[in-house]
Amino acid sequence: MPHHKEIRNDADLSVPAYLLLQGKVILLCASGGIAVFKAAGYARKLMEAGARVITVMTENARRFVSPLTFAALTGEKVHYDTFDDSDAHLIPHISLAREADLMLHLPATANILAKAANGIADDLVSTLYLAYSGPVIFCPAMNPMMYSHAATRDNIAVLRARGHEIVEADFGNTACGEKGQGRLACWEDIREAVIRTLTPQSLKGLKVLVTAGPTQEAIDPIRFISNRSSGKMGYAIAAEAARRGGEVTLVSGPCAIPAPSGTRLVNTISASDMAEAVSRELDEADIVIMSAAVADYTPVETSGQKMKKGADTLELILTKTPDILSGILERRTPEQLVVGFCAETGALEAKALEKLARKPVDLLVANDVSEPGAGFDVDTNRVLLVDRDHNLEKLPLLSKEEVAVRILNRVEELLS
Ligand code: CTP
């Protein structure tokens with residue numbers, strides 16, 4: 001029997017809420033456009049993700065939404081006066097700039113983009129920009145003509161070249177009654193930009209190949225054999241790897257969820273499609289994470305026409321699919337790190353160790369899909385991590401987002 005030690009996990013007793021922005025201070029700089037009303041809602045969402053949000057408003061922003069709205073939503077004093085002397089010891093633009101982990105211009109008007117690009121400091125928001133040396137994100141929102149104007153495009157290019165992130169505006173109907181690019185980006189895009197900016201870029205320069213979701217094995221043009229995998233776990237891993245700066249390729253079976261931002265999605269349907277896609281991508285990858293629930297068997301024959309109802313019973317003959325993970329393990333180089341998954345019902349530890357013996361991955365993520373809150377199509381998971389040296393780590397019931405964080409933390413430990 002292999003000797004293995006158990007890593008104790010103190011968080012085991014509770015199910016902590018996972019707060020991606022826990023402890024971060026975000027300086028939300030709102031300038032004057034109608035999208036300020038959306039910024040108020042987004043401020044709240046940033047707080048729900050654990051951040052402390054301090055709002056600074058331009059004079060025009062205050063024409064659209066009262067500072068009281070932001071104060072009530074964030075529970076913080078709202079700043080707008082460069083010469084505020086309510087606290088005699090503190091100069092607002094210096095003290096605020098010192099405190100913040102991130103400066104988020106939400107929304108950013110053409111005017112603030114121009115002022116920031118040219119270093120003009122004539123109010124608290126623009127002065128703070130010059131007094132701040134941390135990461136800066138601009139989320140522009142304006143009339144489409146103004147957005148596409150060469151002056152605005154040049155200013156955006158200058159800010160980008162300076163290392164700032166621009167969350168480009170969306171296309172659609174704008175409040176001024178025009179159609180085009182100018183609407184404030186959606187919450188998901190802004191959220192990802194914020195999280196990515198605040199996440200240490202520990203996977204920078206590494207290529208990460210993730211498989212996710214179920215496969216579909218066609219019986220005829222209408223029916224297929226599949227499984228209950230939703231892809232949520234694999235998509236969460238791909239999202240987290242991209243946040244850490246990894247270059248992520250997500251080879252996915254049919255899933256109903258959008259590809260995480262910053263990842264390259266390769267759509268596949270059957271096990272053999274997925275095997276081909278993985279084979280094309282494999283040599284490039286530094287890290288391979290096989291979270292897909294690949295069908296083990298596929299119909300020997302696929303009917304080209306819809307099969308008609310006939311006899312009382314029907315036999316389908318199935319044949320084994322290529323085992324993608326076994327193929328990877330035969331072809332891998334010693335530098336590549338490979339993570340496998342194993343979904344079981346009962347006797348998890350014994351089955352995981354048996355699978356590790358059969359499929360010698362660097363890290364095996366095992367879960368018991370018969371347990372409540374774990375497995376398919378739920379937002380939580382309870383997994384057992386078993387590494388190549390048979391160290392076991394039982395994680396408590398966590399959101400799939402946090403499970404992804406824990407898996408990638410272990411991957412990084414195994415890389416070093
Ligand atoms: N896997 C694969 N190709 C297959 C079947 C599975 O690459 N045709 C991968 C899965 O993505 C997972 C790992 O192998 O990372 C384990 O899958 P699982 O279905 O739990 O185990 P199997 O090895 O197929 O064995 P069994 O079904 O007997 O448990």
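Helices (H or I, at least four residues) and strands (E, at least two) are DSSP runs, numbered from the N terminus. This is a predicted model, where local features need pLDDT of at least 70 and side-chain atom pairs count only at pLDDT 80 or more, while totals for chains, interfaces and linings use all residues. Residues are numbered from 1 along each chain as its sequence is written, and side-chain values use heavy atoms, with hydrogens and water left out.

**View 1. Here is the shell of residues around the ligand.** Helix H12 (324-331), strand S17 (337-344) and helix H13 (348-358) each give at least two residues to this shell. S17 provides the largest share, 5 residues. There are 18 residues around the ligand, each with a heavy atom within 4 Å of it. Met290, Ala292, Leu325, Lys355 and Lys359 come nearest. Sorted by class, the shell holds 10 nonpolar, 2 polar and 6 charged residues. Here Ala, Val, Leu, Ile, Met, Phe, Trp, Tyr, Cys and Pro count as nonpolar, Asp, Glu, Lys and Arg as charged, and the others, Gly among them, as polar.

View 2. On its own the ligand exposes 570 Å², and the protein buries 80% of that (areas by the Shrake-Rupley method with a 1.4 Å probe).

**View 3. Aspartate 283 and arginine 331 pair up in a salt bridge.** Their side chains meet at 3.0 Å, N to O; a salt bridge needs a side-chain nitrogen of Lys or Arg within 4 Å of a carboxyl oxygen of Asp or Glu. Aspartate 283 is in the loop between helix H11 (271-282) and strand S14 (287-290) and arginine 331 is in helix H12, so the pair ties together parts 48 residues apart in sequence.

View 4. Most residues other than glycine have a negative phi, and most peptide bonds are trans. The bond from leucine 106 to proline 107 is cis, with omega near -5°, and proline 107 belongs to strand S4 (residues 102-108). Alanine 347, not a glycine, has a positive phi of about 45° and lies in the loop between S17 and H13.
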